[in-house]
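This report goes through one protein chain, from its overall form to selected side chains. The sequence and structure come next.

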Amino acid sequence: MTDQGLAMRLHGVGDLRCAAEPRPVPGDGMSLVRVTAVGICGSDLHWFSHGGIGDAQLRQPVVPGHEFAGVVEGGPLHGRRVAVDPAIPCTRCEHCRAGHGNLCPQVRFAGHGELDGALREWIAWPTELLHPLPDGLSDADGAMLEPLGVAIHAVGLGHLRLGGSVAVVGCGPIGLLLVQLARVAGATRVLAVDRLEHRVAAARRYGADQAMLDTGADVLDGADVDVAFEVAGNDDAVRTSVRAARPGGRVVLVGIPDEDQTTFPAGPARRKGLTLALSRRMHEVYPRAIDLVRSGRIDVGSLVTHRFTLLDSAEAFQTAAGRAGLKVLITS
């Protein structure tokens with residue numbers, strides 16, 4: 001094993017550069033992981049296309065990538081294939097102690113701010129955040145557990161009741177996972193909306209009762225669903241979600257807007273007495289995510305429509321930004 005590995009580092013908007021860098025040396029409580037699969041997320045695209053997310057801006061070159069899996073080299077999990085939880089909470093604050101590590105003010109997140117992510121050959125990561133993959137799950141499946149975890153957390157915030165109804169506004173990978181999860185959680189009516197025809201068709205394949213093109217904020221007027229999941233990250237999708245929800249219903253905002261603000265129609269939301277919940281990453285959901293995929297209840301593998309090598313990362317990001325398919329994956 002050499003003492004160097006390739007890394008893709010983001011230096012500015014659209015400026016990904018490949019270089020050989022020293023192989024990380026894991027400290028106490030950490031393991032060295034050879035990265036085998038990395039998914040490109042919508043938040044990665046914010047960094048690539050805009051140089052940040054809201055008030056979090058690129059201030060120094062960083063290695064992107066937080067949806068990933070790999071193989072452990074050395075330590076207690078030597079040789080194991082693992083999915084990696086990309087969030088490192090402080091574990092000491094009141095939020096962490098209450099089980100809400102996703103709300104930790106000191107949380108460090110792969111590929112965000114000053115913490116390098118997974119778009120490289122090797123990464124050192126806390127061993128306790130490595131989740132061994134069963135034989136039935138591929139490395140690509142392992143990388144998909146992070147977006148699945150985000151979707152699982154969003155469903156929890158939706159308080160979906162058995163036999164309830166759901167609208168999913170935005171059918172990228174997380175939206176399509178929400179369509180599937182809504183079925184698993186017992187929803188008897190699932191509606192889906194997106195601006196792209198191929199994603200509308202995908203929503204039908206993954207179990208939506210009705211999937212339609214987004215032709216405006218009134219496309220779901222009168223739908224009266226118990227929970228509307230907004231997964232597009234724009235104000236039009238928020239308006240559609242508010243109009244879709246029944247009186248007393250819930251709207252869960254999962255999407256990340258390009259600008260650091262979100263607006264919604266206050267009149268309809270107030271008259272309906274809606275509850276708006278903002279989803280922040282996930283709780284401890286990896287074990288549940290693994291079980292859902294292993295049992296066949298959730299299909300993550302077919303969401304991967306494009307694969308690239310590490311050296312082709314710039315092309316991979318351009319493909320993801322073009323919304324041509326569903327999930328873009330970078331594999332070793």
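## A partly exposed salt bridge

Arginine 204 has a relative accessibility of 44%, which places it in the partly exposed class. The model described here is a predicted one. The side chain of arginine 204 forms a salt bridge with that of glutamate 197, with an N to O distance of 3.8 Å; the cut-off for such a contact is 4 Å.

Aspartate 116 and arginine 9 are both buried. Through shared partners, salt bridges also link Arg9, Glu21 and Asp116 into one network.

A further salt bridge is formed by glutamate 67 and lysine 327, whose closest N and O atoms are 2.9 Å apart. Glutamate 67 is in strand 6 (residues 67-73) and lysine 327 is in strand 19 (residues 327-331); the pair therefore ties together parts that are 260 residues apart in sequence. Both glutamate 67 and lysine 327 are buried.

## Overall form

The chain contains nine helices and 19 strands. Along the principal axes, its C-alpha atoms fill a box of roughly 60 × 40 × 35 Å.

Most residues other than glycine have a negative phi. Which phi value does aspartate 224 have? Its phi is near 55°, a positive value in a residue that is not glycine. Aspartate 224 is placed in the loop between strand 14 (210-213) and strand 15 (225-230). With a relative accessible area of 40%, aspartate 224 is partly exposed.

Arginine 281 is also not a glycine and has a positive phi, of about 50°. The loop that holds arginine 281 runs between strand 17 (275-278) and helix 8 (286-294). Is arginine 281 buried or exposed? Arginine 281 counts as buried, because its relative accessibility is 16% and the limit for that class is under 20%.

## A negative surface patch

Which residues form the negative surface patch? The patch is made up of Asp55, Asp258, Glu259 and Asp260. Members of such a patch have over 30% relative accessible area and no salt bridge. One of them, aspartate 258, lies in the loop between strand 16 (245-253) and helix 7 (266-272). Aspartate 258 has a relative accessible area of 47% and is therefore partly exposed.

Definitions and conventions. Residues are numbered from 1 along each chain as its sequence is written. This is a predicted model: local features need pLDDT of at least 70, side-chain atom pairs count only at pLDDT 80 or more; totals for chains, interfaces and linings use all residues. Side-chain values use heavy atoms; hydrogens and water are left out. Patches are made of residues with over 30% relative accessible area and no salt bridge: like charges are joined within 9 Å, nonpolar side chains (Val, Leu, Ile, Met, Phe, Trp, Tyr) within 5 Å. Accessible areas come from the Shrake-Rupley method with a 1.4 Å probe; for residues, only the protein chains shown count as cover. Lys and Arg count as positive and Asp and Glu as negative; His and the chain ends are not counted. The place of a charge is taken as NZ of Lys, CZ of Arg, CG of Asp or CD of Glu. Helices (H or I, at least four residues) and strands (E, at least two) are DSSP runs, numbered from the N terminus. Buried means under 20% relative accessible area, exposed over 50%, partly exposed in between (1.4 Å probe, protein chains only).
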